[in-house]
Amino acid sequence: MFNNRKTSTVMSSPYLAWAFIFIVVPLGMIVYYGLTDDSGAFTFANIASIAQPEHLKALLLALELSLISTVICFLLAYPLGMMLAKNKMGNQGIITTLFILPMWMNFLLRTLAWMTLLENKGIINGVLSAMHLPLIHIINTPAAIVIGMVYNFLPFMILPIYNALAKIDDNVIDAARDLGANKFQTFMRVTLPLSVPGILSGVTMVFIPALTTFAISTMMGGSKILLIGNIIEQEFTLSYDWHLGSGLSLVLMVFIIINMIISAISERKESD
Amino acid sequence: MKKELIQLQHISKSYDGHMILDDLNLTIHENEFVTLLGPSGCGKTTTLRIIGGFERPDSGRVIFDGEDITELAPNRRQVNTVFQKYALFTHMDIAENIAFGLKIKNKSQAYIKDKIKYALKLVNLEGYEHRMPDTLSGGQQQRIAIARAIVNEPKVLLLDEPLGALDLKLRQEMQYELIRMKNELGITFIYVTHDQEEALTMSDHIVVMNKGYIQQEGTPEDIYNEPENAFVADFIGDSNIITATMVRDELVNILGTNFACVDKGFGENKPVDVVIRPEDVKLVERGKGTLPGVVSHIIFKGVHYEMEVQAGGFEWLVHSTRMNEVGSEVDIRVDPFNIQVMNRPASEDEEAIGVAE
Ligand SMILES: Nc1ncnc2c1ncn2[C@@H]1O[C@H](COP(=O)(O)OP(=O)(O)OP(=O)(O)O)[C@@H](O)[C@H]1O
Ligand SMILES: [Mg+2]
């Protein structure tokens with residue numbers, strides 16, 4: 001006979017094995033490579049190399065662009081989330097589909113589509129020149145990278161915010177109005193605070209992939225603009241310096257962990 | 001007569017083509033405990049939301065203290081609401097919940113502190129300032145919702161089935177608490193319920209609604225003793241509702257037997273409904289009453305016996321502290337003033353509108 005504990009161990013073993021092989025092992029390897037040199041001796045040099053000007057520049061640019069993208073995503077997603085949450089039964093299906101449907105397409109393809117739109121001789125400029133309007137030169141600039149990030153990660157901001165807003169009972173909003181709050185006060189004192197958990201997970205889900213991306217910056221930045229993700233990628237695929245690449249990854253992980261700690265703390269405060 | 005405070009004038013409201021309220025007229029006086037009573041879906045909450053300002057009527061006016069407030073936003077009205085499901089702010093503690101309206105009005109710290117204390121005392125929850133709403137029981141949350149509303153000193157407190165989620169004992173306790181608070185505050189309560197007993201216990205004035213129409217208004221005694229139509233009679237307590245014929249003034253033929261009554265002005269040989277409350281049906285020895293019958297059922301109910309008596313082809317419901325064995329042959333007697341005669345509506349629609357028109 002099984003006892004329950006044994007059964008659940010047996011049942012979860014494929015998952016545990018999966019987690020071990022694909023999460024724990026690679027993480028262990030990154031830590032190992034990051035903290036050793038070619039000869040296998042322990043060193044902090046890989047991590048310290050973040051201080052090199054070109055690495056530092058790439059890190060700061062990545063932080064800047066991912067922060068900007070996160071803010072833009074938030075500013076776009078919040079009103080949309082409110083609209084979606086308001087007509088809970090109305091045309092929500094259509095709007096949701098419009099934003100979710102692109103997610104079913106490979107994200108490289110979607111980014112490629114933006115490239116062809118924004119290229120100097122691309123579709124947008126084609127239309128502009130046909131209309132004798134000044135052309136835009138966005139491709140291969142940080143702005144193009146931000147567009148790519150916002151476009152790709154916006155749904156990850158909308159969904160948690162929508163979920164948080166949809167959970168707020170209409171009566172609670174009515175209660176605030178009843179107690180004398182105007183629409184703006186109701187929003188600031190009730191709607192916004194009650195949606196903080198959704199905002200936090202949205203921010204995390206946009207900020208982290210934006211911070212670490214290399215595909216978007218490669219395609220939209222034309223490999224002239226290097227983010228920290230690009231540097232790490234190049235260490236692995238071009239210079240074959242796994243030690244340096246892993247060391248820089250560890251530095252990046254610190255920022256991810258900081259982000260997660262901040263949201264965990266604010267979430268705890270919320271529920272207190 | 002007390003001063004008129006709220007007037008609903010010719011209020012109509014429909015959702016998606018369904019008429020919910022149709023030309024509703026209602027006057028509410030100062031310092032009154034008014035109850036809107038009716039079955040589920042009859043438009044009670046809708047009426048309350050129109051008074052609170054959360055819904056605009058399609059037509060008609062809402063007059064408050066002589067002023068037309070039909071278009072006024074809810075935050076500018078001198079009424080506060082206790083919502084059907086409490087609707088506390090879960091991200092604030094109890095003190096912050098109660099202080100919400102006062103902070104909006106920029107009251108001083110000291111004033112707010114005093115008010116919180118006073119309100120918590122009024123609802124018997126002293127010392128709960130720093131608890132979070134979701135750590136309180138349903139009854140406690142309900143009382144906080146009341147406290148949160150009354151600190152704003154509204155002229156009118158709207159309560160939407162505030163005791164609906166509570167168990168019987170807590171319900172009864174809260175009924176007395178609410179009456180006490182009402183007397184202490186000296187303000188108007190507009191109370192919604194579909195529980196007729198609650199309505200009879202608490203109200204100064206009851207408004208019975210059905211399908212968006214007011215069926216009858218009056219004191220609990222009026223409503224109970226003199227229901228104006230079969231719906232009200234049936235909705236308020238147990239009753240025998242029997243089709244009958246008004247022979248002439250003060251004489252009604254019920255199930256083939258003439259009964260003396262006190263009603264006049266229905267005309268001669270007119271079809272009517274009569275209502276007789278079960279406790280007004282007297283069972284007497286065969287030969288000493290008006291209509292012969294046989295006891296067919298008996299249940300002990302604690303305070304009284306509930307019996308069913310077959311008489312004149314109708315199953316009479318009888319409440320009495322004295323029991324008669326099943327099968328015993330009895331006579332039914334009803335005192336003239338206990339027979340309530342009502343017009344019989346000609347159709348379903350007319351039934352909804354009621355005879356009050
Ligand atoms: N926002 C709305 N949209 C569409 N129909 C509604 C809306 N609000 C209420 N109704 C309908 O109006 C009718 C009356 O509703 P209302 O809430 O006033 O009933 P009630 O008397 O309060 O009932 P209950 O005792 O169940 O609370 C119901 O048939 C309901 O379905
Ligand atoms: Mg209701």
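Which residue of chain A forms a salt bridge with B:Arg49? I looked this up before anything else. The partner is A:Asp174, and the closest N and O atoms of the pair are 3.0 Å apart. I note here that the model is predicted.

**Entry: the interface**

I asked how many salt bridges there are between chain A and chain B, and the count is one.

Next I looked up the contacts. I kept the area in my notes because the size of an interface is often given as the accessible area lost when the parts come together.

I also looked for polar contacts across the interface of chain A and chain B, and the rule finds five residue pairs, with both residues at pLDDT 80 or more.

**Entry: ligand 1**

Which residues are closest to ligand 1? I found 13 residues around the ligand, and the closest are B:Ser40, B:Gly41, B:Lys44, B:Thr45 and B:Thr46. A polar side-chain atom of B:Thr45 is 2.5 Å from an oxygen atom of the ligand. For B:Lys44, a polar side-chain atom lies 2.8 Å from an oxygen atom of ligand 1. At B:Gly43 the atom concerned is a polar backbone atom, and an oxygen atom of the ligand is 3.0 Å from it.

**Entry: salt bridges over all chains**

I looked up the total for the structure, which is 20 salt bridges over all chains. One that I followed up joins B:Lys13 and B:Glu55, with the closest N and O atoms 3.8 Å apart. This pair links distant parts of the chain, 42 residues apart: B:Lys13 is in strand β1 (residues 4-15) of chain B, and B:Glu55 is in the loop between α1 (44-52) and β4 (59-64) of chain B.

**Entry: chain A as a whole**

I counted elements in chain A and got 13 helices and zero strands. I also noted its extent: the C-alpha atoms of chain A fill a box of roughly 80 × 70 × 35 Å, taken along the principal axes.

**Entry: confidence**

Where is confidence lowest in chain A? I found the lowest mean, 68, in helix α4 (residues 92-100) of chain A, and the highest, 96, in α9(A). Chain A averages a pLDDT of 87, and 93% of its residues score at least 70.

Chain B averages 91, with 96% of its residues at 70 or above. In chain B the lowest mean is 55, in helix α9 (residues 348-353), and the highest is 97, in helix α2 (residues 94-104). Where pLDDT is low, the predicted coordinates should not be read in detail. For the complex I noted an ipTM of 0.81 and a pTM of 0.81 from the predictor.

Definitions and conventions:
Residues are numbered from 1 along each chain as its sequence is written. Chains are lettered from A and ligands numbered from 1 in the order in which they are written. Side-chain values use heavy atoms; hydrogens and water are left out. A salt bridge is a side-chain nitrogen of Lys or Arg within 4 Å of a carboxyl oxygen of Asp or Glu. A polar contact is a pair of N or O atoms within 3.5 Å; within protein, one must be able to donate a hydrogen and the other to accept it, and residues adjacent in sequence count only if both atoms are side-chain atoms. pLDDT is the predictor's confidence in each residue, from 0 to 100. Helices (H or I, at least four residues) and strands (E, at least two) are DSSP runs, numbered from the N terminus. A residue is near a molecule or strand if one of its heavy atoms lies within 4 Å of it.
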